[in-house]
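User: Hi! I'm new to reading protein structures. Could you walk me through this one?
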Amino acid sequence: RFGAAMWDLGLQRGIWGVPVAQVSPAPAMASPAASPDSSSHEGPSSGPSAPGGSPTSDSENLSPDELELLAKLEEQNRLLEADSKSMRSMNGSRRNSGSSLVSSSSASSNLSHLEEDTWILWGRIVNEWDEWRKKKEKLLKELIWKGIPHHFRAIVWQLLCFEVFWDLNPSFQPHPDPGSCCPPKTIPISMVRASLPRSVRSRGRDPKSMDFFGIFPLFQAYSLVDREVGYCQGSAFIVGLLLMQMPEEEAFCVFVRLMQEYRLRELFKPSMAELGLCIYQFEFLLQEQLPELNVHFRSQSFLTSMYASSWFLTLFLTTFPLPVATRVFDIFMYEGLEIVFRVGMALLQFNQAELVQLDMEGMSQYFQKVIPHQFDSCPDKLILRACQVKYNPKKMKR
C-alpha cells in the first residue's frame, strides 16, 4: 500500500509540480456532470492538504526503508522538474478528465492574454454547460468549430456524447450484465495485437505512438457489449484518439456511445451497408457540386470508395496529422457524420484543378501524399471551407 501511495504521489508531483507534503491521495474520478463547487475549481495550486497531520509527524512514523524510498522519489521529482522535456511529456500525457477542470487563475498565469481568455471562457462553458446548451447554442457551436482547447477536450467530448443519451436512457449501464444468459464471446487478444501495428504502419504511422496496451482491453470489453461488430481495424484509430484524451473507463463509455448513438457501428458491420450508403450520398454531392471532377473520376474509373472509405471509417484519423484530425473530431462530436461529408467536399474543392490533370495512378498518389499535409499549418482554412459547403440534411436523407 505504501508503494502504491508513493507512486500516486509521484505521478501527481510530476504532473503538477506540487510538493509532496501538499498532495493528498488521488480523489475519486469526477463525473462529467460534477457541480462547479466540487471538482470544477480545483487546480494545481489548490489541492487539499495531506491528511493525517503535518509531514513531519508522518515521516516520524515511517521505517528506514520507507524513508529511503521517499528520498529516491523526491530526487526523481527534482530531475523531472529540471528537465523541461519531461515536464512537457507529462503535461501532455493522458490523465483523468477531471483534471481538465482547473482553476483559471492558477493555470493561465503564464499564458498569453488570448490563451487566458480562451481558458476562462471554456472553463465557464463546462461549469455552466446546461445553460450554454439551452440558451447559447449558436455561440457554443461556433466555438466548437473554432476548436476545443486541448485541456478541455476530454470533458467536453463526454458532455457532448452523453447529455442527450442520459435524458433518454436514465437507467443505462455501460458495463455488460454479468448475469446474461448468453455466454460472452470475446475477441482473441492475439488478433488485435497482430492487426493493429500492421494497420498503423500501412498508413505511415509509428506503432509506438499509439497506446496498444490500452486498446487491447477496451476492445475486449466492447466485444462483450456488441458481439456483432466486436473489433474492426478502422475503429482502433478512434479508440486510440480517445485514449490520448481520457482514461480507459471513460474512453470505453464514450466509444460505446459513438458506436451506438452516432451510428458508427453501422459502418463496421460485416455487410458494411451503411458505408455503401455514405459513399452513395457522397457521390451525389460530388455530382451536384463538382460535376467536372465527377466526370473525370468516372473516365479514369477512379471509384469514390477508393479514397473516401477511410474518411468515413476513421473520421480522417488516417488521412490528416493528429492536430488537424482532432479538430475534425471536435466537430464530429457535435455534428455527427455530416462533418465528414463537408470536409471531404472541401478537400475536393481545394484540389479540383490539380486532380483533373492526373490519371488514376496519379490521383491515388495525390490523395496519399499531397492532400494529407496541405493544412498542417492552417487547419482553420480547411474548417472554414467545410463550413461553406452546401449540405442539405433532408435531401441527403431522401
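User: Which residues does Leu275 touch, not counting residues up to four places away in sequence?

Analyst: Leu275 touches Leu267, Ser309, Phe312 and Leu313, with residues up to four places away in sequence left out. Contact here means heavy atoms within 4.5 Å. Before we go on, this is a predicted model, where local features need pLDDT of at least 70 and side-chain atom pairs count only at pLDDT 80 or more, while totals for chains, interfaces and linings use all residues. Residues are numbered from 1 along each chain as its sequence is written, and side-chain values use heavy atoms, with hydrogens and water left out.

User: Thanks! How many residues apart in sequence are Leu275 and Ser309?

Analyst: They are 34 residues apart in sequence, and 7.4 Å apart in space, C-alpha to C-alpha.

User: And is Leu275 buried or exposed?

Analyst: Leu275 is buried, because its relative accessible area is 8%. Buried means under 20% relative accessible area, exposed means over 50%, and partly exposed lies in between (1.4 Å probe, protein chains only). Leu275 sits in helix H15, residues 273-289. Helices are DSSP runs of H or I with at least four residues, strands are runs of E with at least two, and both are numbered from the N terminus.

User: OK, new topic. How many helices and strands does the protein have?

Analyst: There are 22 helices and zero strands. Of the 398 residues in the protein, 44% are buried.

User: What about H19, where is its kink centred?

Analyst: The kink in H19 is about 40° and is centred on Gln349. The bend at a residue is the angle between axes fitted to the seven residues ending there and the seven starting there.

User: Why is H19 called largely enclosed?

Analyst: Because 14 of its 18 residues are buried, H19 is largely enclosed by the rest of the structure.

User: Last one: what is Asn294 in contact with, leaving aside its neighbours within four places in sequence?

Analyst: Asn294 is in contact with Leu286 and Gln287, once those neighbours are left aside. Asn294 is found in helix H16, residues 291-299, and counts as buried at 9% relative accessibility.
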